Amino acid sequence: WGKEDPDLVAHFRKLGQLKKDSPALQTGHLDFFQAGSGKIGFTRTLGTEIFKIYVNLSSTPWMVSGQNVLLSENLEKKLLKPMGFCIEKWS
């Protein structure tokens with residue numbers, strides 16, 4: 001204890017706050033739009049609140065919409081690089 005990576009701690013705090021602030025991320029309907037080849041994409045929807053989440057575990061880049069990005073890693077403009085993720089709010 002006491003030797004935590006401050007960047008990693010900050011990252012998980014952001015994720016936790018995002019979930020705490022969003023009913024859709026807590027209990028919203030889950031719908032996958034991509035699953036396979038190392039790429040997972042899904043939406044979480046509750047009422048008019050919609051989030052799109054992309055996770056790229058493949059070795060190739062993935063084009064995403066890149067709009068209203070709340071949190072991401074390895075995202076350049078609309079190109080999600082390998083080992084990256086992106087959370088977008090659509091509502």
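How many aromatic pairs does the structure hold? The count comes to three, where rings of Phe, Tyr and Trp (its six-membered ring) pair if their centres lie within 6.5 Å. Points on these and other contacts follow.

1. Basis. This is a predicted model: local features need pLDDT of at least 70, side-chain atom pairs count only at pLDDT 80 or more, and totals for chains, interfaces and linings use all residues. Residues are numbered from 1 along each chain as its sequence is written, and side-chain values use heavy atoms, with hydrogens and water left out.

2. Main core. The largest nonpolar core has nine residues: L18, A24, L25, F42, F51, I53, L71, F85 and I87. Such a core is a set of buried Ala, Val, Leu, Ile, Met, Phe, Trp, Tyr and Cys residues joined through side-chain atoms within 4.5 Å. Buried means under 20% relative accessible area, exposed over 50%, and partly exposed in between (1.4 Å probe, protein chains only). At least two residues of this core come from each of α2 (23-27), β3 (49-56) and β6 (79-89). Helices (H or I, at least four residues) and strands (E, at least two) are DSSP runs, numbered from the N terminus. In soluble globular proteins, nonpolar side chains tend to be buried together.

3. Second core. A separate core of six residues includes W62, V64, L80 and C86.

4. F42 and its neighbours. Leaving aside residues up to four places away in sequence, F42 touches L30, D31, F32, F33, F51, K52 and I53. Contact here means heavy atoms within 4.5 Å. F42 has a relative accessible area of 19%, so it is buried.

5. The F32–F42 pair. These two ring centres are 5.7 Å apart with planes at 55°, so the pair is tilted. Planes under 30 degrees apart count as stacked, over 60 as edge-to-face, and the rest as tilted. F32 is in strand β1 (residues 29-36) and F42 in strand β2 (residues 39-46), ten residues apart. F32 has 47% relative accessibility, so it counts as partly exposed.

6. The Y54–W62 pair. This pair is edge-to-face, at 5.3 Å centre to centre and 85° between the planes. Both residues are buried.

7. K52 over two rings. Its charged end sits over the ring of F33, 4.9 Å from the centre. K52 also lies over the face of W90, 4.6 Å from the ring centre. The test is NZ of Lys or CZ of Arg within 6 Å of the ring centre and within 35 degrees of the ring normal.

8. Strand β5 (residues 69-76) and β6 run antiparallel, joined by six bridges. Two strands pair if DSSP finds at least two bridges between them. S72 has C86 as its bridge partner in β6. Two residues lie between the strands, and K77 takes a positive phi near 55°.

9. Salt bridges. There are two, each a side-chain nitrogen of Lys or Arg within 4 Å of a carboxyl oxygen of Asp or Glu. E49 pairs with K89, with the closest N and O atoms 3.7 Å apart. E49 is in strand β3 and K89 in strand β6, 40 residues apart. E49 is buried at 14% relative accessible area, while K89 is partly exposed at 28%. K81 and E76 meet at 2.6 Å, N to O. K81 is partly exposed at 32%, and E76 is partly exposed at 48%.
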